[in-house]
Amino acid sequence: MSENELFNDRKYIVSMRLSNADRIAVRSTAARLFVRESKLYRFAIHHLLNRLHRLNDDACCGSDLLLLFLEFKEELSVHLELKKHQLFKIFNGRNTHPEKYVAMADIELLLMPDHAVRQRLQMTPDAAKTKHTETRVWLKGYFLEKYQITADEYADSDDFTALVNDLHRSSYEID
């Protein structure tokens, strides 16, 4: 995305379907915050897109996306209704690097309930090194170890909001 596209102030009308409960929740939250509902919708979309920004980066593929999808583990199957074959395409479809290939067995872990993940990890010899009482921590450790992901680099490169703020500051300094 170019800098001009990023800072384009043009707005578009978008239609979406919401359950009545969600609509009421948005209305009451907006009222409590003393803002318009439309501002709350824009905030929610902006916040979600910031968290998912790695999906817009073509350089991020395969194991680069594991921690992002681990963060959204419950939402994957419940709200987005993603299936394992869809996730396989997301992880490995654009992947030209064999070292970033994510095995289907590991993709399935992202869609399983925690008790099933725990059982699968107990049967996986490589997962014994990172065993933890909390299933999510154990799964994250397993992914970090198996795919040689450094959590610090992942967190540092994920500060998209700071990047946008830096771009805003630099554009003001140029003017």
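F143 and Y147 are both buried, where buried means under 20% relative accessible area, exposed over 50% and partly exposed in between, with a 1.4 Å probe and protein chains only. Y142 is buried as well, like F143. This is a predicted model, in which local features need pLDDT of at least 70 and side-chain atom pairs count only at pLDDT 80 or more, while totals for chains, interfaces and linings use all residues. Residues are numbered from 1 along each chain as its sequence is written, and side-chain values use heavy atoms, leaving out hydrogens and water.

Let us stay with these rings for a moment. Rings of Phe, Tyr and Trp (its six-membered ring) pair if their centres lie within 6.5 Å; planes under 30 degrees apart count as stacked, over 60 as edge-to-face and the rest as tilted. By this rule there are four aromatic pairs. One of them joins Y142 to F143, a tilted pair with 5.8 Å centre to centre and 40° between the planes. Another tilted pair is F143 with Y147, at 6.4 Å centre to centre and 55° between the planes. Together, Y142, F143 and Y147 form one aromatic cluster.

S63 touches E99, K100, V102, Y147 and I149, leaving aside residues up to four places away in sequence; contact here means heavy atoms within 4.5 Å. You will find S63 in the loop between α3 and α4 (66-71), and its 6% relative accessibility makes it count as buried.

Now step back to the whole chain. The protein chain has 11 helices and zero strands, where helices (H or I, at least four residues) and strands (E, at least two) are DSSP runs numbered from the N terminus. Of its 175 residues, 27% are buried. Among contacts between residues at least 6 apart in sequence, 51% join residues at least 24 apart.

Just after α2, F34 takes a positive phi of about 60°.

How do α2 and helix α3 (residues 37-51) pack? Their angle is about 105°, with the axes 9 Å apart. That makes α2 roughly perpendicular to α3, since angles under 35 degrees count as roughly parallel, over 145 as roughly antiparallel, 65 to 115 as roughly perpendicular and the rest as oblique. The axes are lines fitted to C-alpha atoms, for helices over the stretch in contact, and angles run from 0 to 180 degrees between N-to-C directions. From α2, R23, V26, R27, T29, A30 and L33 meet E37, L40 and Y41 in α3.

Helix α8 (residues 114-123) shows two faces. Its buried residues are A116, V117 and L121. They cover an arc of only 135° around the axis, which puts them on the same side of α8; the arc is that of the directions from the helix axis to the C-beta atoms. What covers these buried residues includes α5 (73-78), α7 (104-111) and α9 (135-146). The face of α8 turned away from the buried side carries the exposed residues H115 and M123.

Finally, look at K89 in helix α6 (residues 84-92). At 63% relative accessibility, K89 counts as exposed.
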